[in-house]
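Subject: Structure handover

Dear colleague,

Please find the structure below. My notes on the ligand site and the salt bridges follow it.

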Amino acid sequence: MSTAYRKNQTIKDFGEQWLRYRDSDGFYGSMELFSDVIYPFLKFSDIKDCKVAEIGSGAGRIVNMLLEAGAKHVIATEPSDAFEVLCQNIQQPEKVSCLKITGDQLPSYGDLDYVFSVGVLHHIPDPVPVVEAAFKALCPGGHFLVWLYGKEGNALYLAIIDPLRVFTKRLPHFMLSFLVEITYWPLVLYIKFCHLLPLPLKDYMLSILEKMSPEKRRLIIYDQLNPSYAKYYTRQEAEKLLIDGKFENVRIHHRHGYSWTVIGTKPAV
Ligand SMILES: C[S@@+](CC[C@H](N)C(=O)[O-])C[C@H]1O[C@@H](n2cnc3c(N)ncnc32)[C@H](O)[C@@H]1O
């Protein structure tokens with residue numbers, strides 16, 4: 001399968017996903033979760049009064065979090081049919097510009113303080129042009145914060161999910177929803193056992209997944225099984241993405257032992 005096919009198919013998959021899972025209620029859309037996503041590199045006060053962009057906004061929860069943190073203006077980008085959902089979900093539309101574009105098409109503003117990309121680059125087969133676009137959109141001294149799936153800490157999970165995804169990414173919605181239902185209850189049980197035993201992904205289960213509503217846990221299972229393309233990054237690959245993109249002071253955090261938060265700064269001229 002070509003890179004272009006996988007890129008377009010993944011965008012199509014997400015369009016269908018967000019048209020079905022439209023809201024961001026509870027912990028899933030909370031400032032508590034946002035604080036966890038940007039930790040340990042940023043606090044809400046760093047974002048206050050800043051001009052920012054998000055690449056791959058989906059149904060808009062991160063855009064609303066950025067607004068609640070006090071961002072002055074947010075460029076929200078989403079290439080899929082979910083663009084309609086994004087526009088409907090924005091809480092302070094006067095402070096947001098919504099663009100139906102892919103990440104590599106982010107305009108070269110050159111004056112943004114931050115670009116965020118949360119859970120997106122690992123769904124793009126060739127993320128390099130997206131990193132380049134983020135670089136050009138930032139002001140000198142501006143920051144790019146990325147959250148990515150991690151390879152380290154996910155060995156057992158990947159041994160199960162990788163072969164499963166070969167089939168699930170091709171399933172129509174009604175079959176995928178059925179699969180989500182039969183996976184949901186074993187997951188609930190697994191979370192309970194994590195309180196008793198040092199099981200794989202325990203930190204993620206107890207810090208993140210247990211706090212989600214039943215509906216959002218179902219969305220997260222769906223989100224794992226649905227997209228055509230998903231890559232799990234090693235620490236080295238995650239750092240290299242930003243270092244090769246000419247960012248400096250690249251720092252990385254192993255978030256809850258299963259994913260990477262990476263931040264880099266555009267050199268001041
Ligand atoms: C897992 S969702 C994350 C959405 C949002 N950032 C959040 O955390 O709720 C990934 C999003 O990336 C978008 N996406 C996929 N390929 C993209 C591309 N090439 N450029 C920009 N966004 C893309 C998808 O359409 C989808 O909405």
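How many salt bridges does the count come to by this rule: a side-chain nitrogen of Lys or Arg within 4 Å of a carboxyl oxygen of Asp or Glu? The count comes to 13.

This is a predicted model, in which local features need pLDDT of at least 70 and side-chain atom pairs count only at pLDDT 80 or more, while totals for chains, interfaces and linings use all residues. Residues are numbered from 1 along each chain as its sequence is written, and side-chain values use heavy atoms, with hydrogens and water left out.

Salt bridges

Lys 100 and Asp 81 are joined through their side chains at 3.9 Å, N to O. Lys 100 sits in the loop between β3 (96-99) and β4 (112-118), and Asp 81 in the loop between β2 (73-77) and α5 (83-89), so the bridge ties together parts that are 19 residues apart in sequence. Helices (H or I, at least four residues) and strands (E, at least two) are DSSP runs, numbered from the N terminus. Lys 100 is partly exposed, at 46% relative accessible area (buried is under 20%, exposed over 50%, partly exposed in between; 1.4 Å probe, protein chains only).

Arg 218 and Glu 181 form another salt bridge, with the closest N and O atoms 2.7 Å apart. That pair links distant parts of the chain, 37 residues apart: Arg 218 is in helix α10 (residues 214-225) and Glu 181 in helix α8 (residues 173-194). Glu 181 is partly exposed, at 35%.

Glu 215 and Lys 216 also pair, at 3.1 Å between the closest N and O atoms. Glu 215 is partly exposed at 36%, whereas Lys 216 is buried at 2%. Asp 23, Glu 215 and Lys 216 are linked in a network of salt bridges.

Ligand site

There are 20 residues around the ligand, and Glu 54, Gly 56, Arg 61, Glu 78 and Gly 103 come nearest (near means a heavy atom within 4 Å). The largest share of the shell, four residues, comes from α1; α1 (3-20) and α4 (61-68) each supply at least two.

- a polar side-chain atom of Glu 54, at 2.7 Å;
- a backbone N or O atom of Gly 56, at 2.8 Å;
- a polar backbone atom of Val 118, at 2.9 Å.

Taken alone the ligand exposes 600 Å², and the protein buries 97% of that (Shrake-Rupley method, 1.4 Å probe).

Regards

Technical notes
Polar contact = N/O pair within 3.5 Å; in protein donor to acceptor, adjacent residues only side chain to side chain.
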